[in-house]
Amino acid sequence: MLKTTRKFFLLFALLFSTTGFAADFDHNYNTWNELLQKHVKWLPDNKQSRVDYAGFQKDRETLKQVLGQWSAVSQTEFNAFSKNQQMAFLINTYNGFTIELILTKYPKIKSIKEIGGVFSSPWKQEFFTLLEKKHHLDWIEHEQLRPRYNDPRVHAAVNCASIGCPALRNEAFTATRLNAQLNDGMRRFVADPSRNRVKNGELQISPIFKWFAEDFQKGHQGFKEVKDVFARWAKDMSDSPEIVDKIASKSLPIVYSDYDWSLNDI
């Protein structure tokens with residue numbers, strides 16, 4: 001009887017310790033949200049944003065505190081998160097650590113691609129700790145977000161600090177609003193004529209859809225081909241019923257536009 005009681009209390013203690021982690025974590029990302037609202041601004045078209053890196057530089061200690069809190073999350077704690085909580089966490093950490101990477105060189109930097117060397121891209125530098133191990137940005141995107149959650153909309157959520165990239169939102173991703181945020185991010189990106197447009201009888205689109213074409217061909221979120229993405233948001237791409245119909249019917253040939261790696265500095 002004593003052994004049974006002891007086992008029960010040990011089991012209870014273990015359960016409490018793992019669920020307690022998740023309960024203590026700020027899934028609303030309040031401080032991170034405040035930083036984004038303060039230092040990320042939508043352009044007048046509400047499809048692109050710019051980052052006030054100088055402002056982030058002034059608030060760098062606060063940013064480092066946020067990043068430190070994220071780095072303190074254990075694998076056990078992360079495993080106790082819901083699926084949406086895990087995705088929000090990974091997206092926020094990718095964007096937060098990307099900003100920190102830029103700040104290590106700012107203001108003497110015009111593009112994230114200036115960081116690193118010939119054999120070490122900025123996305124391969126292990127400069128932060130996450131889930132108890134040293135990692136790089138590619139680990140978050142290509143080893144976690146893409147293969148584990150199979151949601152191609154993340155390509156409009158993670159931001160590479162470049163003008164050609166989908167906009168960095170001026171709010172934190174949260175589990176409760178994740179689906180709406182991912183949809184909104186992809187809609188804004190698709191509808192941005194500086195990245196995606198119909199011109200000369202062609203659907204000229206961001207090379208992101210070429211680099212990650214396979215993610216849009218697996219049926220996830222209803223996308224079986226890249227053209228499905230634009231068909232879904234065809235009405236957001238043009239005021240012309242004729243053009244909208246051509247996009248929706250997927251009758252236009254695809255041409256990939258150039259990618260602007262310039263820093264998305266305000």
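A: What follows starts with one arginine and then turns to the cysteines, a helix pair and a tyrosine.

The model is predicted. Arg 169 sits in the loop that runs between helix H7 (137-149) and helix H8 (178-190). Its relative accessibility is 8%, and because the limit for buried is under 20%, Arg 169 counts as buried. Two polar contacts of its side chain can be named. One is with the side chain of Glu 171, at 2.9 Å. The other joins the side chain of Arg 169 to that of Asp 184, at 2.8 Å.

Next, the cysteines. A search of the whole structure finds 0 disulfides. Cys 165 is accordingly in no disulfide, and its nearest cysteine sulfur is that of Cys 160. Both cysteines are buried: Cys 160 has a relative accessibility of 8%, and Cys 165 has a relative accessible area of 5%.

The helix pair is H2 (residues 30-39) and H4 (residues 60-71). These two pack at an angle of about 145 degrees, and their axes are 10 Å apart. Their crossing is left-handed. On the H2 side the contact is made by Thr 31, Trp 32 and Leu 35, while H4 contributes Thr 62, Leu 63, Val 66 and Trp 70. By class, the residues of this contact comprise 5 nonpolar and 2 polar, with no charged residue.

Tyr 106 is placed in the loop between helix H6 (83-103) and strand E3 (128-130). With a relative accessibility of 16%, Tyr 106 counts as buried, because that value is under 20%. Tyr 53 is 53 residues away from Tyr 106 along the chain, yet the C-alpha atoms of the two are separated by 7.6 Å. Tyr 53 is also one of the residues in contact with Tyr 106 once neighbours within four places in sequence are left aside; Ala 54, Gln 57, Leu 263 and Asp 265 are the others.

Definitions and conventions: Residues are numbered from 1 along each chain as its sequence is written. This is a predicted model: local features need pLDDT of at least 70, side-chain atom pairs count only at pLDDT 80 or more; totals for chains, interfaces and linings use all residues. Side-chain values use heavy atoms; hydrogens and water are left out. Axes are lines fitted to C-alpha atoms, for helices over the stretch in contact, and angles run from 0 to 180 degrees between N-to-C directions. Helices (H or I, at least four residues) and strands (E, at least two) are DSSP runs, numbered from the N terminus. A crossing is left-handed if the near helix is turned anticlockwise from the far one by less than a right angle, and right-handed if clockwise. Contact means heavy atoms within 4.5 Å. Ala, Val, Leu, Ile, Met, Phe, Trp, Tyr, Cys and Pro count as nonpolar, Asp, Glu, Lys and Arg as charged, and the others, Gly among them, as polar. Buried means under 20% relative accessible area, exposed over 50%, partly exposed in between (1.4 Å probe, protein chains only). A polar contact is a pair of N or O atoms within 3.5 Å; within protein, one must be able to donate a hydrogen and the other to accept it, and residues adjacent in sequence count only if both atoms are side-chain atoms. A disulfide is a pair of cysteine sulfur atoms within 2.5 Å.
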